[in-house]
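Here are my notes on this structure, in numbered points. Please read them beside the sequence and the 3D view.

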Amino acid sequence: MEPIVLTKDPTDGFQTFEEYGAEGGYEALRRVLADGPQAVLDAVEGSGLRGRGGACFPTGQKWRFAAQEPGPVKYVVANGGEDEPGSQKDRVVMEKYPHKILEGIILASYAIGATEAVLYVNSEYAQAITRLESAIAEATRAGYLGERIGGTAFSLTARIHPAPQEYVAGEDSAALEAIEGRRALPRQKPPFPTTAGLFGKPTLVNNVETFAYVPAIVQNGPNWFRRQGTDDNPGTMLFTLPANVRVPGVVELPVGTPLREIIDVHGGGLASGRGIKSILPGGPSSGFLGAADLDVAMDRGPLMERGSALGCGVMRIVEEGQCVVEVVHEIAQFFARESCAQCPACQMETSTIAKIIDSVQKGTGTSQMLDQIPKIGAFAKGKGMCSLISMPIPPLTSATRLFPEDFAFHLEQHACPAATTLGTG
Ligand code: SF4
């Protein structure tokens, strides 16, 4: 495995401007300033890189759309809002590899013809903000930002905008609202940001991790990037291992690495020594997997076949003896709380589901109420301005399918099965 983003010993501080330069940093930018923007677009498109923020959209295709939009004013937004529960990977990249992200942003701006870049950073990540501010100052002093970069007609400024602490604030169009000074609420789409984004101008929005791969892709070529990962989703990606493994934290591995290898080899297995009952492989909106699915390749296709999702690679493991109903209860409450209430169908769906799961958890509900969840999801489908409206359904329906005994225990015994064994999830 050849790391592309986490190239420095994670226990050895952050990568300084000098260290990044010694690794070949900003060489890609210096070279393409002579070759032209098309060289960047060709490299990124040829690499097959997909967005690492959770949607997995082809990065090169998005960049091509933005580049094709006419007009002298365009923007690039690097999304480091990171409000996905449990995810740490954007924080790690922003704190430890600020120049890698910044060079990726500069290359993107050059490729699409943007003149201003905004780094939208989780407002609680004080160290990331400080490091990125320093990186912007260093890159400006070195002539990689500012007027007529490298003696070309390309000019670019970069600034940081703190992202609010709300789940929907990490949605791309909500980020644009926040940067424009309004409440971070998702916009109706279309138009998509590449057509009419920040201040109504064409805007490229990508997750910060996505930008961090770009300098190496441009420097080494698309085929080099494709040596790792899968045909459908080349390269490496960052996975966040949860607190209940022996070695929690962020690891970089090829896309398609078996889930079992990530947990047992890189995470050291469960710290408790218990068996694995279930896994949410891609955050709270992914479907639960059972222990029989542990050899699944961590890629979008194989996970979709099992009713789950890759998301942004943040994992949650439910241990033997723990109760899935407790995890589902937490998820249902989370989405009800985080719905921004702009769309009546979303508000109805998330609040109704939360009430159903709450009554099941308390033992006052019925199995017929659980049967309503897929119907509520089907009614709400397509009626929201962002994807949150469809997020509660996969974890809830997969949980009831895989672990009916946990739900039956709550409904029939009016108690949690884990309370008599090992604790909740
Ligand atoms: S779908 Fe839900 S979270 Fe998304 S904009 Fe509508 S109300 Fe807000």
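1. A salt bridge here is a side-chain nitrogen of Lys or Arg within 4 Å of a carboxyl oxygen of Asp or Glu. Between domain 1 and domain 2 the count of such bridges is zero. By this rule the structure as a whole comes to 24 salt bridges.

2. Some ground rules. This is a predicted model, where local features need pLDDT of at least 70, side-chain atom pairs count only at pLDDT 80 or more, and totals for chains, interfaces and linings use all residues. Residues are numbered from 1 along each chain as its sequence is written, and side-chain values use heavy atoms, with hydrogens and water left out.

3. The domains. The assignment gives domain 1 (17–225), domain 2 (236–319) and domain 3 (324–420). Such bounds come from an automatic or database domain assignment. The centres of domain 1 and domain 2, taken over C-alpha atoms, are 27 Å apart. Domain 1 brings 16 residues to the contact and domain 2 brings 15 residues; contact means heavy atoms within 4.5 Å.

4. The buried area. Domain 1 and domain 2 bury about 1,200 Å² between them. Carbon and sulfur atoms hold 63% of that area. Buried area is the accessible area (1.4 Å probe) that two parts lose on being put together, summed over both.

5. Four residue pairs, both members at pLDDT 80 or more, are in polar contact across domain 1 and domain 2. A polar contact is a pair of N or O atoms within 3.5 Å; within protein, one must be able to donate a hydrogen and the other to accept it, and residues adjacent in sequence count only if both atoms are side-chain atoms. On the domain 1 side, α5 (89–96) and α9 (208–220) are the elements that give two or more residues. Helix α5 gives the most, with three residues. Helices (H or I, at least four residues) and strands (E, at least two) are DSSP runs, numbered from the N terminus.

6. Glutamate 2 pairs with arginine 227, and their closest N and O atoms are 2.9 Å apart. Glutamate 2 lies in the segment before α1 (17–22) and arginine 227 in the loop between α10 (222–225) and β5 (236–241), so the pair ties together parts 225 residues apart in sequence.

7. Aromatic pairs. The structure holds ten. Rings of Phe, Tyr and Trp (its six-membered ring) pair if their centres lie within 6.5 Å; planes under 30 degrees apart count as stacked, over 60 as edge-to-face and the rest as tilted. Tyrosine 110 and phenylalanine 154 form a tilted pair, 5.1 Å centre to centre with 55° between the planes. Tyrosine 110 is in helix α6 (residues 98–112) and phenylalanine 154 in the loop between α7 (126–141) and β3 (157–163), so this pair links parts 44 residues apart in sequence.

8. Backbone points to check. Most residues other than glycine have a negative phi, and most peptide bonds are trans. Lysine 189 and proline 190 are joined by a cis peptide bond, omega about -5°. Proline 190 and proline 191 are also joined by a cis bond, omega about 5°. Proline 190 lies in the loop between α8 (172–179) and β4 (203–207). Arginine 148, in the loop between α7 and β3, has a positive phi near 45°.
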